[in-house]
Amino acid sequence: MGPNGFKFQVSSFKFPRYLPRMQFSDLIQNNKILRAISDCGFEKPTPIQAEAIPAIGTGRDIIGCARTGTGKTAAFALPLIQRLLNTWTAAREIRARSLILSPTRELAIQLQKNIRQFAAHTELTTLLVHGGTEYENQILTLREGVDILIATPGRMLDLIERKALKLDQVEVFVVDEADRMLDMGFAPDIRKIAPMLPQTRQALFFSATMPKDALSLATGILHKPMHISSDPVSAAAENITKQLYYVEKNNKNVLLSWLLQRLEYERVLIFCRTRRGADRLAASMKKQDLPIDVLHGEKEQHHRQELLEAFTSGETPILIATDLAARGIDIENISHIINFDLPNETETFVHRIGRTARAGASGIAISFCDPTEKGYLRDILAHLNEDFDLIEDHPFHSEQVRNYSGNVKSKHTPDKQKHISKIREQTTWRLTPGQQSKLHAKSGTPKKNARRNPRKKQG
Ligand code: AMP
């Protein structure tokens, strides 16, 4: 039996990958948690759960590579709850026994909802703190101490500054969606928070992707972390039908309304690259009386929540969103995802289409592709190593876009040439005068623009 009551004792980096017949009762011992898992209707652990739960049970720090949609929340929340129950001691005044940091309010709300379900048969308390809400109740609840604190970094630091929160009793520290934290500029906040935690805390670091800066942030905080990962990106979307529409940029709006009038959908989530683009599209669709709303980061928190509720209940079954706003959305029965704009990163594409086909269901992901997006499409197809179903049978199909192989620049295409010359400039700038003269000496003849000493007589 493991230190925290886990049946699996993990002593090396090798884990059994997903075992088809593995049960939650092989991983979790506490009956109250097992009952909650069964209330949620989870029958079998997902691969990341099968891997993460015993790993976290060893008490070691973990770096986990897992996207939303893989069952990642339960993967860290179940062992966290089990640990808090096993080491039970009351949380002291203005203290939390565990801390989960989330980059966005939406994800934080979702996390609390899930964790409350998993801890439903226990006495453990949870508190959610994020910006855009009143301080008063959060401060009052913290006075009693909480078992599980879910927070966005900014509001949490505010509470610490107001002396309403101390982190010296935290046993488990979780950073969720670390890559998104970095994108949103939260790295300095996380570095500030880490030294406030006790040395003995267990730290769990989850990220959908693991770019270098996320890894270096993690290694600065974690002690000898164990690495775990869910299935690779290419396996991300097995039960999602991917359809491709080649269309000229200025026909995308009409193609969308044509489709929305014909699709048999339950809920449709439409992705745009920018807030302005999302607003413009929503305005044009609303003119056609389509039941549509738009969700992006400029909306007030309470309004964002209302929009999500209207989408969840089916009152407004079509939602246009930007990537940031859609992060953490966990709504069942999204039958269609539409990439109105293709993203310039494969990871974002996988993340978007993963909003449908949640937990084993199936779904349809439709992608529009205009000439400026052919480069993105090529990268996505190469990365996923598959072809999408090409849909030509519609009035806006463009054979020209299909055959187009050049690179039309959009304002989002990074200007490679500029970037290269910038790097060259920096390289030249870094050369010391001695190195520069060596360079010129190598070429034999002096360079055309090589600096000469004007006072020195020319031979
Ligand atoms: P997450 O990756 O945590 O956002 O989870 C994605 C969805 O999968 C959520 O709706 C969870 O409720 C669901 N889920 C998580 N674990 C399981 C499981 N073992 N079996 C079935 N559904 C699950």
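Which backbone atom does the side chain of glutamine 82 reach, and at what distance? Please also cover the helix that holds glutamine 82, and then the salt bridges elsewhere in the chain.

Analyst: The model is a predicted one. In it, the side chain of glutamine 82 reaches the backbone nitrogen of glutamine 29, at 3.2 Å. Glutamine 82 is part of helix H4. With a relative accessible area of 1%, glutamine 82 falls under the 20% limit and is therefore buried.

Helix H4 covers residues 72-86, and lysine 72 belongs to it. Lysine 72 counts as buried too, because its relative accessibility is 3%. Its side chain takes part in a salt bridge with glutamate 177, where the closest N and O atoms are 3.7 Å apart. Glutamate 177 sits in the loop between strand S5 (172-175) and helix H8 (178-183), so this pair ties helix H4 to a part of the chain 105 residues away in sequence. Glutamate 177 is likewise buried, at 1% relative accessibility.

A polar backbone atom of lysine 72 is 3.1 Å from an oxygen atom of the ligand. For glycine 71, the distance from a polar backbone atom to a ligand oxygen is 2.8 Å. Threonine 73 uses its side chain instead: one of its N or O atoms there is 2.6 Å from an oxygen of the ligand. Of the accessible area that the ligand has on its own, 500 Å², the protein covers 86%. The ligand is surrounded by 15 residues, and the closest are Lys44, Gln49, Gly69, Gly71 and Thr73.

Now to the salt bridges elsewhere. Side chains of opposite charge can pair when their charged atoms come close. The structure holds 17 salt bridges. One of them joins the side chains of arginine 304 and glutamate 106, with 2.6 Å from N to O. Arginine 304 is in helix H13 (residues 301-313) and glutamate 106 in helix H5 (residues 105-118); the two are 198 residues apart, and the pair links distant parts of the chain. Both partners are buried: arginine 304 has a relative accessibility of 9%, and glutamate 106 has 4%.

Arginine 273 and glutamate 373 form another salt bridge through their side chains, at 3.3 Å from N to O. Here the partners lie in loops, arginine 273 between strand S9 (268-271) and helix H12 (275-286), and glutamate 373 between strand S13 (363-369) and helix H16 (374-384), so the bridge ties together parts that are 100 residues apart in sequence. Glutamate 373 is buried, at a relative accessible area of 1%. Arginine 273 and glutamate 373 also belong to a network of salt bridges, in which they are linked with Lys249, Lys252, Asp341 and Asp370.

One further element deserves a description, strand S3 (residues 126-129). Both of its faces are covered, with Thr126 and Leu128 buried on one side and Leu127 and Val129 buried on the other. S3 pairs with strand S4 (residues 146-151) in the parallel sense, over four bridges. Threonine 126 has isoleucine 148 of S4 as its bridge partner. Between S3 and S4 the chain passes through helix H6 (residues 136-144), and this β-α-β crossover is right-handed.

Technical notes
Residues numbered from 1 in each chain as written. Predicted model: local features only at pLDDT ≥ 70, side-chain atom pairs only at ≥ 80, totals over all residues. Heavy atoms only, no water. Buried < 20%, exposed > 50% of the residue type's maximum accessible area, 1.4 Å probe, protein only. Pairing = 2+ DSSP bridges. Right-handed = clockwise from strand over helix to strand, strands pointing away. Salt bridge = Lys/Arg side-chain N within 4 Å of Asp/Glu carboxyl O. Near = heavy atom within 4 Å. Polar contact = N/O pair within 3.5 Å; in protein donor to acceptor, adjacent residues only side chain to side chain. Areas by Shrake-Rupley, 256 points an atom, 1.4 Å probe, with all protein chains shown as cover.
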